[in-house]
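Have the structure open beside this text.

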Amino acid sequence: MLFNSYLFMLIFLPLCVVGWFLSPVRSAPLLLLAMSLWFYASNDLYGLPVLIISALINWAIGRKLTQTPKKSWLILGLTLNLGTLGILKYLNFVLHNLNRFVGTDFGAVSLLIPLGISFFTFQQVAYLIDAYHGKAESYALSEYALFVSFFPYVMSGPIAFHSEIIPQLRDPARHTVNWENIARGLTLIGYGLAKKVLLADIFGQAVNVAWNDVYHLSSATALVAMFSYTFQLYFDFSGYCDIATGIAKMIGIDLPRNFNSPYRACSITEFWKRWHMTMTRFFTQYLYIPLGGSRKGFAHTCINTMIVFLLSGLWHGASWTFIAWGGLHGLALTLAKIRDRYTDKRLPKPIGWVFTFLFVNFAWVFFRAPNFTSVRVFFTRLFSDTWWGLPYSMYSCFITTEAKALNQIAHLQSETLGLAVTIFFLVLALVICLMPRNAFDRTLGERFRPSSLQLVTSSILLVWSILSFTGISTFLYFNF
């Protein structure tokens with residue numbers, strides 16, 4: 001049961017919202033907890049025991065830390081959390097590399113990797129550290145379990161902190177129906193579903209075609225594939241966060257912001273203030289600052305930056321290509337710090353945007369590629385100067401049912417239609433990414449007074465997206 005499914009949108013979500021407001025204030029969180037566990041189990045039944053046991057153990061250790069903040073309890077909690085994450089997600093990666101570089105002969109171990117383990121582990125690590133430093137209280141088990149398993153963010157974020165969620169769950173005012181919040185939520189869900197179903201999934205088909213046959217790409221096909229993955233990843237993850245934020249808003253819960261038009265960034269530093277903001281916040285507060293941040297001299301600042309981004313790459317997956325992606329961004333940020341230290345000169349914003357956008361695109365190739373061989377082949381094909389037309393397998397991904405219907409009027413040849421709609425989707429995606437006001441700004445600003453055009457647009461997008469649930473696809477960040 002995914003956000004982009006009929007079961008979720010037409011049954012689960014209405015039951016959840018109605019149940020939240022009809023239930024007594026004390027029992028409403030229990031209902032929400034049961035719904036969250038149902039949602040998680042429907043997507044990963046075998047991972048559910050890991051989620052429950054993890055929440056129980058961390059809740060117990062958190063109570064100990066709030067009563068007696070001993071470092072031994074904190075070390076135990078961090079060891080259990082990071083050890084479990086490390087074994088389940090990275091053991092086979094370690095064994096494979098030992099076999100490769102040391103000459104051992106370890107076999108792969110069949111392990112269960114629960115959905116969202118990176119997300120709910122980091123949330124609980126933050127809670128334990130806060131509890132040790134006296135910044136958290138001892139919560140009731142039901143409150144804490146709901147905070148960990150809350151279905152809008154449990155599998156793909158954003159990474160929320162206990163201090164942001166639990167006080168809202170306790171607030172009686174949030175158990176009163178607020179029609180403006182429901183309207184805001186539905187509007188944001190409409191935008192998010194449109195990003196996922198009408199854009200990300202279409203780009204994803206083209207990306208899969210390219211990477212399934214990377215050795216035979218033309219330069220044009222590789223270029224389209226590179227930009228397509230850039231937009232697929234953005235609209236998929238941004239769409240998920242829009243939907244999650246909209247769902248939570250309908251029951252009066254505000255989630256932390258995770259995106260702020262990152263492809264509008266004119267520098268790599270600005271990009272990381274806009275992309276996956278809650279992950280950046282976590283690494284800044286719980287790794288970069290404890291390592292010394294920028295307090296121990298410029299050299300240590302650069303080293304700390306590289307450590308953070310190498311680990312952020314590894315957080316996304318057990319692969320050297322993810323580590324390389326993190327290293328590239330860490331290196332770019334380090335070079336930006338060096339530039340800022342020794343010169344006041346800045347590139348004009350348009351040039352800065354071009355360099356930043358192209359760098360992000362090239363780095364995403366490492367993020368998508370299964371190995372370095374594929375990276376090498378992809379870039380070889382990209383710069384091979386073979387600029388022949390797109391193959392049918394690529395451009396047909398963009399010929400949607402709507403495009404076929406419109407072509408009943410234009411009567412274009414298949415290749416001409418395919419090229420036209422491919423360019424249309426790429427340009428449309430870029431325009432949306434560069435719009436001065438994004439979905440979050442339009443929907444969750446202080447005053448929500450949508451125009452008639454906005455109401456019609458969001459309603460059409462919501463209905464259109466739901467009617468397009470023909471081939472349900474998972475969200476990309478479920479893998480991380």
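Ile-75 has a relative accessibility of 47%, so it counts as partly exposed (buried means under 20% relative accessible area, exposed over 50%, partly exposed in between, with a 1.4 Å probe and protein chains only). Ile-75 belongs to helix H4, residues 71–101. Helices here are DSSP runs of H or I with at least four residues, numbered from the N terminus. Now look for Ile-129. Along the chain, Ile-75 and Ile-129 are 54 residues apart. Their C-alpha atoms are separated by 9.6 Å.

A word on the source. This is a predicted model, in which local features need pLDDT of at least 70 and side-chain atom pairs count only at pLDDT 80 or more, while totals for chains, interfaces and linings use all residues. Residues are numbered from 1 along each chain as its sequence is written, and side-chain values use heavy atoms, with hydrogens and water left out.

Next, a pair of helices. Two packed helices are described by the angle and the distance between their axes. How do the axes of H3 and H5 cross, and at what distance? The axes of H3 (residues 48–67) and H5 (residues 117–132) come within 9 Å and cross at roughly 10°. Axes are lines fitted to C-alpha atoms, for helices over the stretch in contact, and angles run from 0 to 180 degrees between N-to-C directions. H3 and H5 are therefore roughly parallel to each other (angles under 35 degrees). On H3, the contact (heavy atoms within 4.5 Å) includes Leu-51, Ala-55 and Ile-61. On H5, Phe-120, Tyr-127 and Leu-128 are among the residues that take part.

Now the rings. The whole structure holds 55 aromatic pairs. Rings of Phe, Tyr and Trp (its six-membered ring) pair if their centres lie within 6.5 Å; planes under 30 degrees apart count as stacked, over 60 as edge-to-face and the rest as tilted. Phe-8 and Phe-12 are stacked, 5.3 Å centre to centre with 20° between the planes. Both lie in helix H1 (residues 6–22), four residues apart, about one turn of the helix. Phe-378 and Phe-379 pair edge-to-face, at 6.1 Å and 80°. Phe-378 is buried, at 1% relative accessible area. Phe-379 counts as buried too, at 18% relative accessibility.

Last, charges over rings. A charge sits over a ring if NZ of Lys or CZ of Arg is within 6 Å of the ring centre and within 35 degrees of the ring normal. The charged end of Lys-89 sits over the ring of Trp-315, 5.8 Å from its centre. Arg-281 lies over the face of Phe-161, 4.0 Å from the ring centre.

Terms used. Helix = DSSP H or I, 4+ residues; strand = E, 2+ residues; numbered from the N terminus. Parallel < 35°, antiparallel > 145°, perpendicular 65-115°, else oblique.
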